[in-house]
Amino acid sequence: MVTASLYIHIPFCKKKCDYCDFFSIGERDRRGKANDLSDSYINALITEAHVYARRYNISEWRTIYVGGGTPSLLSPAQLIRLISGVKSTAHTSERTEITVEMNPDDVCAELLHACEKSGVNRLSMGIQAIDDRALRAVNRGATVAMIQNALETLSVYWHGRLSVDFIAGLPNHTYASFKNQFDILKTYPGIDHVSLYTLTVEENTPLWKRIEDGSVAFSYEKADRMWLIGRNLLEQNGFLQYEVSNFAKPGAESRHNTTYWKQEDYIGVGAGATGTVYDFEKKSAERWTNTLSIPAYCAGVANAAHSDASGALAHVKRSVELLDEATLEFEFLMLGFRRCQGVSAREFERRFARPLAFRLGADKKDGVFSQWQKNRLATIKKTPDGDTIYSLNRRGILLLNRFLVELQS
C-alpha cells in the first residue's frame, strides 16, 4: 500500500499580514480579477489530488492539511465539498489526521459544524498575539476581542484537537503582555498543541520596509528572549517541545508536520503548493511547485483531468526539481535535527548506505558532532533495540543553524 500526506493550499486572504511572504492574494488584489475563491478552484484542488493519486498509485492519505492563505474563508458548503472530494481520491480512516487552518475572525458555529461533518479532527488557529497594539503593528486582521470570541466559540462547538500559533517579537509587544497571553492554556484546556515562532523579517515584505526606514522598531535580541520565555511557560503548562518551534501535550504532536521532518512523501495541491515524492532505492526525489497564477493553475488541472495517468501531469503548470543524493542526505539531517527526538543511525544507513557517525564527525575527537558533545550541546543515546540516536539537546537546538553550517563545511 502506497501512502502519502496531502497538503491543500488555499491562497486567499482578507488582507495580507505585513510579515507574510507566503503566496496568497488579499481581497483588494482579487477584486475584479479571475482570482476569486470560487467552486472552480475547489474543483481544481480535488482533480489535482486525483491526478497525483493515480500517478503515484497512492491508496491512502496518511494526513490531510488545508493551509494557506486563509482556509477559513471557505464557506461551510465549500469546506464540506473539498474534504469529501479529496477523500474520494484515496482511502482515509478515522485515524487520518485532517487539519484546517483558521483565523480567529472567521471562527463561527456553522464553520465548525462543517468541519466536524466532513471529518476534520484538528484545527490550527493563528492567534500570533493577544495584544491589539502588537496585532495592529503587523496589520493583522483579528483583534483581541475576536480572539477571545473565537476561543469561547471553540470551547462550546468544537470537540476535536486544537493547535494555536504565537509569534515572539512582534513590534509593540511588551514582555508582560507576551507572558500573560499564555494564560489561555489554563482557561481553554482544549488547546493541546502550540507552535511558537520567533518573528522572521522577510526581505521586501511591508514589515521589512517599515523596519528599514525606521518607522517600526524591532529587535532580534528581544524576539529571541521572548521565545525563551514562551518556551518556559509552555513547559510549565505541560507542553513538551518536540521540534524547534512546536510544543504538544503528550500524544498531540502534529502528524502532518512530522511527515516533512521524517522525509516522507507529501503531495501538494493548489496554486503555489509544493510536494515531494522520494525514491530512496534510486537515492533521488521529485519536488514540484505549482504556478502562482490561479487562472493558469485551474486551466492546467482541468486539461489534466482529461488525460491518462501517465500524461496528466504534463498539463499541470508547475516547476519540477530533481533532488540528488547529496541534497537528500543534507535535508535528512537538517529536518531530523529539528526534532528533539533526533536522528536515527539505523535509518540514515538504510537510506544512504554509510555510517551516520562518519557523516557527523562523531567518530573522531575533532569532528563536528564530537565537539558539540564536548560543549554539552548534543547527545548520543542507545535504544533498547540497538539503534543509536544523535540529537541536539535543549541548548543545542537553539543553535541549529550554526550546527548545520558546520556540517556543510
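The legends below accompany close-up views of a predicted model.

**Figure 1. The second largest pocket and its lining.** Welcome to the second largest pocket, which holds about 410 Å³ of space. Its lining counts 20 residues, and those that lie nearest the centre are Lys262, Gln263, Glu264, Glu347 and Arg351. Two or more lining residues are given by each of helix 13 (325-336), strand 13 (343-344) and helix 14 (345-352). Helix 14 provides the largest share, with three residues. By residue type, the lining of this pocket divides into eight charged, six polar and six nonpolar.

**Figure 2. The largest nonpolar core.** Here we step into the largest nonpolar core, a set of 92 residues. Ile8, Trp61, Leu82, Leu123, Ile191 and Ile267 are the residues with the most contacts inside this core. Helix 2 (residues 39-55) contributes nine residues, the largest share of the core. A second, separate core of 28 residues is also found, and among its members are Tyr266, Phe332, Leu333 and Leu400. As a general background, nonpolar side chains tend to be buried together in soluble globular proteins.

**Figure 3. The surroundings of Trp61.** This view looks at Trp61, one of the residues with the most contacts inside the largest nonpolar core.

**Figure 4. Strand 11 and its two partners.** Strand 11 (residues 284-290) is mostly covered, with five of its seven residues buried. Strand 11 pairs with strand 10 (residues 274-279) in the antiparallel sense over six bridges, and Val277 has Glu286 of strand 11 as its bridge partner. Four residues lie between the strands in the hairpin of strand 10 and strand 11, where Lys283 takes a positive phi near 55°. Strand 11 also pairs with strand 12 (residues 318-323), again antiparallel and over six bridges. In that pairing, Ala285 stands opposite Leu323 of strand 12.

Figure 5. Strand 13 is joined to strand 15 (residues 388-392) by two bridges. Look for Ser344, which stands opposite Ile389 in strand 15.

Definitions and conventions: Residues numbered from 1 in each chain as written. Predicted model: local features only at pLDDT ≥ 70, side-chain atom pairs only at ≥ 80, totals over all residues. Heavy atoms only, no water. 1 Å grid on protein atoms, 1.4 Å probe; cavity = no way out; pocket = protein on both sides within 12 Å on 5 of 7 lines; lining within 4 Å. Points joined across faces, edges and corners; volume = space filled by probe spheres on them. Nonpolar A, V, L, I, M, F, W, Y, C, P; charged D, E, K, R; others polar. Core = buried A, V, L, I, M, F, W, Y, C linked by side-chain atoms within 4.5 Å. Buried < 20%, exposed > 50% of the residue type's maximum accessible area, 1.4 Å probe, protein only. Pairing = 2+ DSSP bridges.
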